[in-house]
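Hello,

Here is the structure I promised to hand over. Please look through it before reading on.

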Amino acid sequence: MKKVFVVSVLLLASLVMVTAAVAQKAVTLKIGINAEITGDIPKVGEATKFAAQMWLEDVNKAGGIEVGGKKYKVELAIEDNESKAESAAKAATKLITVDDVIAIVGPQASKQAVPAGEVCNNYKTPMITGWSTNPNTTKDRPYVFRACFLDDFQGPALSIFAKGEYKFTKAAVLYDVASDYPKGLAEFFKKDWEKKNGPGSVVAYESFTTKDTDFSSQLTKIINSGAEFLFTPQYYNEVPLIVQQAKQLGWKKPILGSDSWASDELVKLCGKDCNGFFFVSHYASAGAKGATKEFIDRYKSKFGYVPDDVAALTWDAIGLIGQAIKNAGTITGDVKKDREAVRKALANTKNFPGITGTISFPPGSGDPIKCANIVKINDKGEFEFYKTACP
Amino acid sequence: MTVFLQNLINALQWGSFYAVIAIGYSMVYSILMLFNFAHGDIFMTGSYIGFGVATGLMALSAAGVIALPNWLILVLTLLISMVLTSFLGMFIERVGYRPLRDAPRASAAITGLMIGIILETGNLILLGAQRIKFPALVEPVTYDLGGVFVTNQKVLIVVVSLSLAMALHQFIRRTRWGMAMRAMAFDYVVVPLMGVPINKIAAMTFALGSGLAAAAGILFGVAYPVLDPYMGIVFGWKAFVAAILGGRGSILGATLAGFILGFIEIFVAMVFPSTLRDFIAYSIILLILVFRPYGLFGEPYSVRLRL
């Protein structure tokens with residue numbers, strides 16, 4: 001009996017709080033930030049916070065976001081999820097029920113974004129993650145979105161690049177059959193390439209298992225298959241070995257990779273051997289142009305270092321929210337109604353000019369259609385923006 | 001044809017590593033009747049010691065203390081690391097195996113596993129989880145022999161490995177110490193009663209095996225210059241397979257079996273889809289062992305394992 005009493009008191013209390021919050025007329029709009037500020041990946045949280053604060057400064061300098069002819073000031077409510085799944089769910093709940101945010105940016109890592117997405121979807125609050133690539137984050141959740149592309153999208157992006165840049169028709173793939181990410185990417189690439197170039201156009205589809213160091217037999221096969229380029233969606237510790245062995249076996253053609261190449265360690269381990277090759281990435285700092293370059297320069301002068309992909313994707317994520325608020329039509333002050341309007345506007349986003357690519361959401365999905373950035377490892381061993389590939 | 005020749009060369013390089021590591025396994029197993037499961041990790045440690053020595057020598061050379069050409073650094077790295085790793089081997093024997101010499105064989109076998117884990121995690125604590133790049137002591141030069149590509153590294157690896165195997169074979173065949181080792185392999189119980197100092201023989205066996213493992217580790221670093229603390233595990237297992245396949249008490253058997261293993265792996269991947277490589281390769285080896293349970297070159301009268 002006692003328990004029932006306590007629970008009902010708590011329920012009543014929260015009900016009172018919620019109604020009180022609704023009654024309070026929202027003059028300023030609140031956007032929640034659910035970030036990994038402490039814990040395993042504090043750099044991710046820091047980049048999220050910095051990018052969001054930079055965006056906020058811009059918006060409020062312009063007098064706020066204009067919705068339906070009226071300007072609304074914006075506030076950020078920043079919560080630390082400690083890089084933990086439970087804390088991320090708690091942070092989301094707090095942002096929704098206590099802070100009455102209209103939308104939430106983050107969490108960034110899939111471990112946190114998947115459970116927080118569940119909470120946001122249940123509370124019918126729009127959430128957008130910058131960085132999480134796990135399909136489950138947005139799956140069957142109409143209120144959850146992301147600003148980055150999914151892993152499987154890299155296959156089509158690369159095949160478009162290889163086709164457009166070199167007019168290649170014959171591809172070779174070398175991947176780790178015992179690891180989910182490379183295996184998935186290899187399969188997606190093969191499917192897409194054969195759809196565009198006919199069956200059998202992947203002339204060599206070779207694999208190895210994790211921890212293998214010698215790929216000479218597979219590479220000999222690839223070299224003699226007549227392939228025009230090699231796609232290897234491997235990690236930075238395997239790519240140098242693959243590249244060096246291929247060169248020593250007489251391979252002189254291009255080698256393409258996935259975003260798993262994007263690590264400074266790659267260049268350290270590979271030396272000069274990887275220079276001149278390409279991979280798909282969300283974002284590249286060197287060689288950036290236009291709005292992307294402007295963002296990088298401002299971020300650098302403000303915080304003292306070049307922003308990473310998390311910062312850039314957060315910038316786009318919160319920008320998407322900002323535009324959705326603008327397109328929501330009216331702000332009623334009833335946060336539930338406003339969230340609904342923002343969600344609708346966000347889902348209808350078409351050709352948002354993000355710094356990581358132009359972003360649109362297809363009907364009924366929180367996974368964007370956007371262009372991928374093709375990055376070249378230049379002669380100095382830097383990751384340089386080369387061009388975009390738009391499926 | 002060029003594909004076949006190319007894979008032949010690939011297999012020679014790959015088999016060299018199995019061969020040199022298998023020798024160390026085979027010696028300990030033949031002479032002391034125990035499985036030194038830490039051997040793969042001694043190979044890993046040897047590679048890291050080689051990395052340390054080479055980096056140090058290169059720094060000395062760059063600082064102008066002594067001008068050393070790269071080939072000399074390689075030779076010195078090989079020698080110094082082999083000696084250092086030999087001491088490590090003797091130390092492991094002294095603290096890990098000697099106290100357990102009369103214990104059940106299973107205890108000695110798991111000692112090896114534990115020492116292996118200690119070496120791996122010790123390395124992890126010391127240097128962290130990031131991969132280490134082995135210094136480029138031998139700049140690769142590729143020769144195109146009519147579509148078959150050979151590098152100076154490949155030649156170096158095969159020549160050094162074979163020379164080491166031959167040198168050890170001669171040592172075992174021609175010296176008094178070698179004779180003592182062969183005698184121990186022949187009868188582990190009676191020979192010590194004849195006055196052969198078992199502790200010295202045991203230490204020497206470990207020293208030689210570990211020195212060879214270090215040489216393999218450095219050559220490995222030259223060919224596959226990305227080192228990580230767990231690189232010895234799978235390699236150790238496979239070399240162990242080669243040691244057993246070679247047959248007890250046969251240095252040349254272990255060497256040859258190492259090459260055979262390398263050939264099977266490479267050529268299976270040539271003929272079949274590479275996904276099936278290890279599945280088919282090790283099924284073949286299992287079949288060989290079914291028909292030749294003493295290994296390819298094992299002597300049928302040798303004492304059976306007491307595990």
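Below is what was found, from the whole chain down to one residue.

First, the ground rules. This is a predicted model: local features need pLDDT of at least 70, side-chain atom pairs count only at pLDDT 80 or more, and totals for chains, interfaces and linings use all residues. Residues are numbered from 1 along each chain as its sequence is written, while chains are lettered from A and ligands numbered from 1 in the order in which they are written.

Overall fold

Chain A has 12 helices and 17 strands. Both are DSSP runs, numbered from the N terminus: helices are H or I with at least four residues, strands E with at least two. The radius of gyration of chain A is 23 Å, close to the 21 Å from the globule rule for 391 residues, so chain A is as compact as a globular protein of that length. (The radius is taken over C-alpha atoms; the rule is 2.2 Å times the number of residues to the power 0.38.) Along the principal axes, the C-alpha atoms of chain A fill a box of roughly 75 × 55 × 40 Å.

Of the 391 residues of chain A, 51% count as buried. Buried means 20 or more other C-beta atoms within 10 Å of the residue's own; exposed means 12 or fewer, and partly exposed lies in between, with C-beta atoms placed from the backbone.

The seven-stranded sheet

An open sheet in chain A runs β9-β8-β10-β11-β12-β16-β17, with mixed pairing. Two strands pair if DSSP finds at least two bridges between them. The edge strands are β9 and β17 of chain A, each pairing on one side only. From one strand to the next, the twist averages 25 degrees. Axes here are lines fitted to C-alpha atoms, for helices over the stretch in contact; angles run from 0 to 180 degrees between N-to-C directions.

Helix α6 (residues 180-197) of chain A packs on the sheet and touches β8 (171-176), β9 and β10 (229-231) of chain A. The direction of α6 makes about 165 degrees with that of β8(A). Contact means C-beta atoms, placed from the backbone, within 7 Å.

β12 (residues 278-281) of chain A pairs with β16(A) in the antiparallel sense over four bridges. There, Val280(A) has Ile374(A) as its bridge partner. β16 (residues 372-377) and β17 (residues 383-389) of chain A are also antiparallel, over six bridges. Asn373(A) stands opposite Thr388(A) in β17(A). The hairpin of β16(A) and β17(A) has five residues between the strands, and Gly381(A) takes a positive phi near 80 degrees.

The contact with chain B

One residue to check is Ser216(A), in helix α7 of chain A. Ser216(A) is buried, with 24 other C-beta atoms within 10 Å. Not counting residues up to four places away in sequence, Ser216(A) touches Gln245(A), Leu249(A), Asn10(B), Trp14(B) and Ile266(B). Gln245(A) is 29 residues away along the chain, yet the two C-alpha atoms are separated by 6.7 Å.

Best wishes

Note on methods
Two residues are in contact if their C-beta atoms, placed from the backbone, lie within 7 Å.
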